[in-house]
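The following note sets out points for a colleague who intends to work from these coordinates.

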Amino acid sequence: MSMDPGAQRATFSVNAALVVAGLLVLLALAAPLIAPFAPDAIDLAGRRAAPSSVHWFGTDDLGRDLLSRVLYGARVSLAIGILAAALTVALGAGVGMVAGAAGRWIDALLMRIADAILAVPRLPLLMIASVIVRPGVPVLILLVAAVSWMETARVVRAEVRSLVTRGFVEAAHAMGVKPLMSLWRHILPNVIPTLVVATTLAVGRSILLESALSFFGVGVQPPTASWGNMLYQAQSTMATEPWLALFPGAAILISVLTVNSLGERLSISRIGVRAS
Amino acid sequence: MLLLRRVAQSIPLLLIVSVLVFALLHAAPGGPLAIYLENPGVRPEDIERLRKALGLDQPLSIQYVRWLSAFITGDWGFSLSDGRPVAQRMLERAPATLELAGASLIVALLAAVPLGIVSAVRRGRWVDRVSGVIALAGVSLPVFWFGLILQLTLAIGLGWLPSSGRSAVFDSGFVDRIRHLILPATVLAGVHAAAWSRFLRSSMLGVLSQRFILAAEGRGVPKRAVVLRHALRNAAGPLVTIVFMDAALLVSGAVVTESVFAWPGLGALFTEAIVRRDYPVLMAFLMVTSAAVILLNLVADLMHRALDPRVA
């Protein structure tokens with residue numbers, strides 16, 4: 001089967017993004033095996049050392065090895081990104097399917113709530129919630145999902161609305177299939193491609209939200225390292241120890257760029273599939 | 001008539017937001033008085049007295065109605081950090097934020113519009129692909145990190161631009177103000193410029209594939225005129241809508257940008273209030289910005305209808 005150059009390029013970049021994403025997850029999982037130092041090993045004699053052959057990424061103000069902290073931080077930041085995205089999409093899909101299938105006042109109510117939360121600036125809302133709740137990592141994941149599900153809910157609702165009028169769903173209804181069963185068996189499978197794209201994009205956004213929260217000191221709390229709170233600590237000494245800001249930020253950028261390019265490619269290929 | 005209906009539709013949204021904001025405030029352990037509970041110098045009987053004086057012993061529903069009616073009439077309470085009225089503190093900070101937002105809007109459009117047009121016209125060519133990569137990087141950048149890096153390189157490293165603040169202590173002429181604006185406005189504009197350029201590209205492509213464009217080309221209208229006069233005019237409507245719809249994102253961006261660059265606006269006031277657990281300021285900020293977002297979304301909708309007669 002021959003492919004045109006555009007499609008080939010698309011497949012290549014999807015594969016490349018998948019490889020990078022897999023590599024990032026692998027590095028995070030293998031952190032205890034490959035990190036050259038313990039992430040919280042304090043070395044007051046070797047404080048604020050510039051990157052060298054011993055400390056590839058340098059050390060911070062307590063002499064902790066930055067490379068090890070970036071690797072361990074990946075576990076926290078990526079876990080929050082992936083789990084919050086999964087929860088976001090599960091919530092959004094649930095609300096969207098209920099709204100789309102139920103219609104009438106349930107639909108109107110759920111969509112107005114989604115619109116209202118969308119109108120509240122996301123980061124400030126999350127910062128206030130974090131100040132009030134003082135969350136650990138699991139609760140932080142819940143909070144991120146709680147302010148992020150609305151876009152998915154809107155898209156899923158729209159798809160469900162159009163699916164329920166299609167012949168195969170109406171036929172199932174006429175044959176006496178219960179609405180809930182039909183939602184599960186006939187509608188959900190058709191929404192899954194949308195959910196895959198939504199999840200991919202949500203991973204990037206969740207990583208960014210966590211990093212911003214931690215950057216303001218209200219997200220992941222030290223001594224646990226996350227890329228965001230490493231930048232929070234780096235901010236004050238940035239002029240003299242720029243490596244402290246450079247590496248965690250680059251880690252965030254690479255991760256978000258990877259999932260976003262994956263999401264973009266997947267949504268383009270879906271539109272292509274639909275058109276053909 | 002339409003205007004009235006759309007305005008009426010915004011009111012329930014505002015009410016839901018107000019319930020959310022109120023619930024958040026009262027979900028705090030200790031509620032609005034939390035800051036006093038943590039202070040060993042404040043006696044329990046004083047807290048009890050404050051609770052009565054502020055009506056916090058009343059049922060929540062009554063408290064909500066009181067709070068909302070006070071808020072609507074401009075009584076936003078007093079800041080816990082300096083005791084001044086919240087409305088006054090926010091009014092003082094608003095001009096700096098509006099200045100920054102206006103400047104970043106200009107920067108974002110100056111970058112997004114040419115990029116979007118060129119990428120659409122040269123679709124699939126290297127200009128398009130490079131701008132696609134830049135746009136993808138733009139929406140993937142952590143805003144605060146982008147700010148820190150620009151500060152580090154252009155301000156601290158090269159010394160071309162001031163690293164923070166709104167104007168120098170002594171010289172604050174026009175040029176100085178612009179110099180202070182450049183970095184924060186660029187950072188705040190970044191994510192928008194990236195997203196808008198791709199949006200304009202795809203709406204331009206949609207228009208360029210239509211028959212009236214082919215007809216214009218067939219009549220011998222020069223390419224430049226076809227692109228700028230016919231295609232851009234039709235693609236501009238959706239772009240204007242998106243610009244207004246992104247208001248909520250702009251607020252989040254302003255909180256981050258103002259904090260990184262010590263820009264004395266509403267976003268910096270918000271982060272100060274976060275550090276001091278200044279709940280009245282936090283709540284007012286959320287209410288005001290959400291109301292502004294709802295208003296701007298309304299404007300976006302009305303402008304979309306005005307610019308495109310096909311939208312019934």
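pLDDT is the predictor's confidence in each residue, on a scale from 0 to 100. This quantity is needed from the outset, as the model is predicted.

1. Confidence in chain B. The mean pLDDT of chain B is 84, with 95% of its residues at 70 or more. Within this chain, helix α2 (residues 34-37) has the lowest confidence, with a mean of 68, whereas helix α12 (residues 266-275) has the highest, at 91.

2. Confidence in chain A. Here too a mean of 84 is found, and 94% of the residues of chain A reach 70 or more. The lowest confidence in chain A belongs to α11(A), with a mean of 79, and the highest to α6(A), at 92. Where pLDDT is low, the predicted coordinates should not be read in detail.

3. For the model, ipTM is 0.86 and pTM is 0.87.

4. Secondary structure and extent. Chain A consists of 11 helices and 0 strands in its secondary structure, and its C-alpha trace spans about 75 × 55 × 30 Å along the principal axes. Chain B has 13 helices and 0 strands; its C-alpha atoms fill a box of roughly 85 × 55 × 35 Å, again taken along the principal axes.

5. Contact between the chains. Chain A contributes 38 residues to the contact and chain B contributes 35. On the side of chain A that touches chain B, at least two residues come from each of α4 (104-119), α5 (122-133), α9 (179-215) and α11 (243-275) of chain A. The residues on this side of chain A divide into 28 nonpolar, 6 polar and 4 charged. One of the contributing helices, α11(A), is also the element of lowest confidence in chain A.

6. Packing of α10(B) and α13(B). How do these two helices of chain B run relative to each other? The axes of α10 (residues 223-245) and α13 (residues 279-307) of chain B come within 8 Å and cross at roughly 175°. Since angles over 145 degrees count as roughly antiparallel, α10(B) and α13(B) are therefore roughly antiparallel to each other. On the α10(B) side, the contact is made by Gly237(B), Val240(B), Thr241(B), Phe244(B) and Met245(B). The residues supplied by α13(B) are Leu296(B), Asn297(B), Val299(B), Ala300(B), Met303(B), His304(B) and Leu307(B). By class, this contact holds 8 nonpolar, 4 polar and no charged residues.

7. Bend in α8(B). What span does helix α8 (residues 174-208) of chain B have between its end C-alpha atoms? The value is only 42 Å, against the 51 Å that a straight helix of 35 residues would span at 1.5 Å a residue. A bend of about 40° is located at Ala189(B) in α8(B).

8. Backbone geometry in chain A. Most residues other than glycine have a negative phi, and most peptide bonds are trans. The peptide bond from Pro222(A) to Pro223(A) is cis, with omega near 10°, and Pro223(A) is in the loop between α9 and α10 (227-234) of chain A. Arg134(A), a residue other than glycine, has a positive phi near 50°; Arg134(A) is in the loop between α5 and α6 (137-146) of chain A.

Terms used
Residues numbered from 1 in each chain as written. Chains lettered and ligands numbered in written order. Predicted model: local features only at pLDDT ≥ 70, side-chain atom pairs only at ≥ 80, totals over all residues. Axes fitted to C-alpha atoms, helices over the stretch in contact; angles between N-to-C directions. Helix = DSSP H or I, 4+ residues; strand = E, 2+ residues; numbered from the N terminus. Parallel < 35°, antiparallel > 145°, perpendicular 65-115°, else oblique. Contact = placed C-beta atoms within 7 Å. Nonpolar A, V, L, I, M, F, W, Y, C, P; charged D, E, K, R; others polar. Expected span 1.5 Å × (residues − 1). Bend = angle between axes of the 7 residues up to and from the residue.
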